[in-house]
Amino acid sequence: MKMWIYIARRVLLLVPVLLGVLTITFILISAVPTQQRLVSAFGSPKSGTGQYISCPGGGPVLCVNPWWTHGIHTLGLDQPVPVQWAKYMYNAFTLQWGYTSSSSYLVQAGIPGGTPITQILSWYLPYTLELAAFSLFFILILAIPVGNRAAVYRNRPFDQGARILSFSGFALPNFLLASVALLAFVVLSGGFVSICGGHASPLDLWFGLPPSLPGYACPPYSGSPPHWIGSLQETSPTHFITIDALINGQPLIALDSIRRLFLPALTIAYASVAGILRFVRNSMLEVMNLDYIRTARAKGVPEAVVISKHAGRNSLNVTVTVLGLTFAFFIVGFPVTELIFNLRGIGLLFTYSILQPFDFGTIFGTTVVFSIIVVLANIIVDIVYAYLDPRVRLG
Amino acid sequence: MGSNAPLDEKSPTPVAGPRRHPQLDQLKRTWYFLRKNTLAMVGLSIILIFVVVALASFGYPAPGAKMTLYCGTYPTPANNCAQVCTYAPPSPAPPGTCYAVSALQKSLVPPTISFSPLSLGPLPLGSLAPDPSTGLFYNIADGLIKGAPWSLGISVSIVGSGALIGLLLGAIAGLKGGYFDEAVMRFTDIFLSIPGLLLVLVLLAVLSASLGNSLSFLGRIAILVGAFVVTWWPFYTRIVRGQVLVTREQSYVEAARASGASNSRLLLKHIIPNSMYPVFVQMSLDVGTVPLLLGVIIFLGFPIWPSSPFPEWGTISALSVQNIENLVLVCAGVQGATCYFPWWQILFPGLTVFLFAISVNFLSDGIRDALDPRLRR
């Protein structure tokens, strides 16, 4: 099979999974009582949120609440379930994901009710992606060399040390790790440097950056696109801080935003390195027992080359697979990390939307986006795997 | 084999006598390798200690009697709460009481502050843990002891039910194959692509919206367990199915089938017992993560417990961390204030959760190594 056919097949398999995820969210949102859905979507009117309210003229007979009828009609809840489902799917694929609630915590966080959810997500998603990329980088540069070495020095102090390190990453609650890291850095750096979009860090000194950059004021939470880069005149075409800063010719700010990603990315990576490191070690152990390794050693290839070239390359396949499998686990750390470090990513958005009163539109919007990230990551992993191991795409 | 038959160091497989209980032999062999693994033994002992504590805690006085709730403030040396709590966002605090600033409000704290070095506070070691929702404090040690049966019980019931569903579904799918297999596997794919913790939170949000406060004490806990089980069965289904695909090709399964065993007999007598071990390893791993995840849920500000404060390890840990963050932030908001850092509040609950998770990890890693001949060489 040619590579592009394989890729096309993998991408096509995305469609049923996506339909399934959307169906699950549809079922879940249908389980929410109508009254709460209406309040979440339209806010509560003065006349009351019930289906029936007392009539304007008074009296014992109740009148139909116009707010209720209008809401039901707007959301399409008066239609049969299959029609609702089809409409839901249509809206999902045409990116009409509804509007944020006007009564949820998001309003307190500075996002006015009635903002389109897709718009909010497009503001908040880039930061999460930057964080994910950075953490992935840390995971790779930690897990592969340490895992390989642990396999080579099997059951010796290095291996035991790596084992304890990786297990402690698993076992330490991420909120504890992140909070203690943040507090430690705050104390070490002698106080808060700037709390907006990140943390105070002694890394300032390493980069030779001033504690606060000229023109870098903390942007307030606001309904308009978050002007990450300081003044309003600057444009924010991609919403990726680093990229936007470079577009605006502000390399210092790009560096600054990368610096702010260090600590959160490290705490996320530390939790995820655990599983991957174990898999790298075990797959390396398996490979090192194979015949061709013995052959290589017998014919006098230096041990370092045997480990790095013969064994290391071949154990990489497993690493790639495991990366895909742990991605769902890895992404679970985002809401907490973004909350603690005050990073405006979709994890923070999710955290805000699950506070009562719930903002169901945003809850389901962020969940779907997280699922899409996981699915896409798995597809990329499959493609890389097929590239590394031709047997997969040929088989 | 006799119980006192000496085990050969190199080949622990007993050779003498008829092999009447091959599974028992394998168990003994596994135990033999496990015993030689120090970390696994350390893990096992810690778990046993926790189990003993959990059992002993039933003899401990009831929460109301023993889990004393303290006054709603963090005492300073002069016990002058107002000094620490000058910063109270919505309105000035009444004198003598303290605001519990929620973690979400921390962005409101003015950013440019320097504060004096943190030092150990005057409180006795291991004494107090806060509950921001009520502003009350309770005894950490009591909470951890009373929390042991809850933490262990909830973890085991979540993982046990998830594994049971996964075991049955995965075994049937792997054995039957065909459309059923395909359907089950696509279904698990869908569930696996929604990040687990998010699905739990979404489920809890939906359920708490539709059921509201009408639930009983045990009902709320059942809902919590259910939400976790919904997200956890797919992992087991996938593991079991992969294992069954290997098992069903073994000659003993073929022999059983040839001698007329029904599908259900094949499943219960041959396939499931022989696919159990990876499930067991995964289960022992997962049990340790439940308190962590419960802590995360609490930390994110989602109230899941029927009563507050609820003694559960992850919960106590999350509340303590929140409290310390708030203390530091509040303290940082007061110019010239001396901040006390009650490190024991995060140390002991955190250590409990950590020890439980890590010992479970050590044990399951030891079991995996003992079971896999390639790894124990």
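Biologist: How do you know that helix α4 (residues 81-93) of chain A has the span expected at 1.5 Å a residue?

Modeller: The expected span is 1.5 Å times one less than the number of residues. Helix α4 of chain A has 13 residues, and its first and last C-alpha atoms are 18 Å apart, close to the 18 Å expected. Helices here are DSSP runs of H or I with at least four residues, numbered from the N terminus. After α4(A) comes A:L95, with a positive phi near 60°.

Biologist: Good to know. What should I keep in mind about the model and its labels?

Modeller: It is a predicted model, where local features need pLDDT of at least 70 and side-chain atom pairs count only at pLDDT 80 or more, while totals for chains, interfaces and linings use all residues. Residues are numbered from 1 along each chain as its sequence is written, and chains are lettered from A and ligands numbered from 1 in the order in which they are written.

Biologist: Why are α1(A) and α16(A) called roughly antiparallel?

Modeller: Helix α1 (residues 3-30) and helix α16 (residues 360-388) of chain A pack at about 160°, their axes 10 Å apart. Axes are lines fitted to C-alpha atoms over the stretch in contact, with angles from 0 to 180 degrees between N-to-C directions. Angles under 35 degrees count as roughly parallel, over 145 as roughly antiparallel, 65 to 115 as roughly perpendicular and the rest as oblique. So α1(A) and α16(A) are roughly antiparallel.

Biologist: Which residues of α1(A) and α16(A) meet?

Modeller: Among them are A:Y6, A:L14 and A:I29 in α1(A), and A:F360, A:V368 and A:A386 in α16(A); contact requires C-beta atoms, placed from the backbone, within 7 Å. By class, this contact has 16 nonpolar, 3 polar and 2 charged residues. Ala, Val, Leu, Ile, Met, Phe, Trp, Tyr, Cys and Pro count as nonpolar, Asp, Glu, Lys and Arg as charged, and the others, Gly among them, as polar.

Biologist: What makes α6(A) and α7(A) oblique to each other?

Modeller: Helix α6 (residues 117-152) and helix α7 (residues 157-171) of chain A pack at about 135°, with axes 8 Å apart. That angle therefore makes α6(A) and α7(A) oblique to each other. Their contact is made by A:V146, A:R149 and A:A150 of α6(A) with A:F158, A:D159 and A:A162 of α7(A).

Biologist: And in chain B, how do you know that the span of helix α5 (residues 140-176) agrees with 1.5 Å a residue?

Modeller: Its 37 residues should span 54 Å, and the end C-alpha atoms are 52 Å apart, which agrees.

Conventions:
Helices (H or I, at least four residues) and strands (E, at least two) are DSSP runs, numbered from the N terminus. Two residues are in contact if their C-beta atoms, placed from the backbone, lie within 7 Å.
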